[in-house]
Amino acid sequence: QVQLVESGGGLVQPGGSLRLSCAASGSIFRINDMGWYRQAPGKQRELVARITRGGSTVYADSVKGRFTISRDSAKNTVFLQMNSLKAEDTAAYYCNAEIRPTLGAVPNNYWGQGTQVTVSS
């Protein structure tokens, strides 16, 4: 059984910063890509940022220059540093990871339960 547990969400004023963390636990042989997605009320879930096992990153245009994704592979953890937050960043943020549970298993896609980020004055 694999679990992804996010933390670090909350209420912040415009221009402020937050750092999200997501730790994977359970039966893990290897973690490939890890990423963050978000979903605002009435909108589809969208990619925020992804990072490969080798450290290559991809960002949504709306967060480039403000958000930074990183990972600690030794701790099976991915982070999202969010700076210069705007009201339009308000959403539930979900961690995602492609994980191979055992040596002979096919990698599966796993999601965290989500953490709310609210940017408001």
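The legends below describe close-up views of a predicted model. Local features are reported at pLDDT of at least 70 and side-chain atom pairs only at pLDDT 80 or more, whereas totals for chains, interfaces and linings use all residues. Residues are numbered from 1 along each chain as its sequence is written, and side-chain values use heavy atoms, with hydrogens and water left out.

**View 1. The disulfide of Cys-22 and Cys-95.** With a disulfide taken as a pair of cysteine sulfur atoms within 2.5 Å, the count for the model comes to 1. The sulfur atoms of Cys-22 and Cys-95 are 2.1 Å apart, and the angle of -80° about the S-S bond makes the link left-handed. Cys-22 belongs to strand E3 (residues 18–26) and Cys-95 to strand E9 (residues 91–100), so the pair ties together parts that are 73 residues apart in sequence. Strands (E, at least two residues) and helices (H or I, at least four) are DSSP runs numbered from the N terminus. Cys-22 counts as buried at 0% relative accessibility, and Cys-95 is likewise buried at 0%, where buried means under 20% relative accessible area, exposed over 50%, and partly exposed in between (1.4 Å probe, protein chains only).

**View 2. Strand E5 and its two antiparallel pairings.** Strands count as paired if DSSP finds at least two bridges between them. Strand E4 is joined by 5 bridges to strand E5 (residues 46–51), the two running antiparallel, and their hairpin has 6 residues between the strands, with Gly-42 taking a positive phi near 80°. E5 also pairs in the antiparallel sense with strand E6 (residues 57–59), over 3 bridges, and here Ala-49 stands opposite Tyr-59 in E6. The hairpin of E5 and E6 has 5 residues between the strands, and Gly-55 in the turn has a positive phi of about 100°.

View 3. Arg-38 counts as buried, at 6% relative accessibility, and its bridge partner in E5 is Glu-46. The side chain of Arg-38 makes a polar contact with the side chain of Glu-46 at 2.8 Å, and another with the side chain of Ser-62 at 3.4 Å. A polar contact is a pair of N or O atoms within 3.5 Å; within protein, one must be able to donate a hydrogen and the other to accept it, and residues adjacent in sequence count only if both atoms are side-chain atoms. Leaving out residues up to four places away in sequence, Arg-38 also touches, among others, Phe-67, Asp-89 and Tyr-93, a contact being heavy atoms within 4.5 Å.

**View 4. Asn-32 in strand E4 (residues 30–39).** Asn-32 is buried, with a relative accessible area of 18%. Beyond its neighbours within four places in sequence, Asn-32 is in contact with Ile-51, Thr-52, Arg-53, Arg-71, Glu-98 and Pro-107.

**View 5. The largest nonpolar core, of 30 residues.** A nonpolar core is a set of buried Ala, Val, Leu, Ile, Met, Phe, Trp, Tyr and Cys residues joined through side-chain atoms within 4.5 Å. The residues with the most contacts inside this largest core are Trp-36, Leu-80, Met-82 and Tyr-93. Among the elements that give two or more residues to the core are E3, E4, E5, strand E7 (67–72) and strand E8 (77–82), while E9 gives the most, with 5 residues. Contacts of Tyr-93, not counting residues up to four places away in sequence, include Trp-36, Leu-80 and Met-82, as well as Arg-38.
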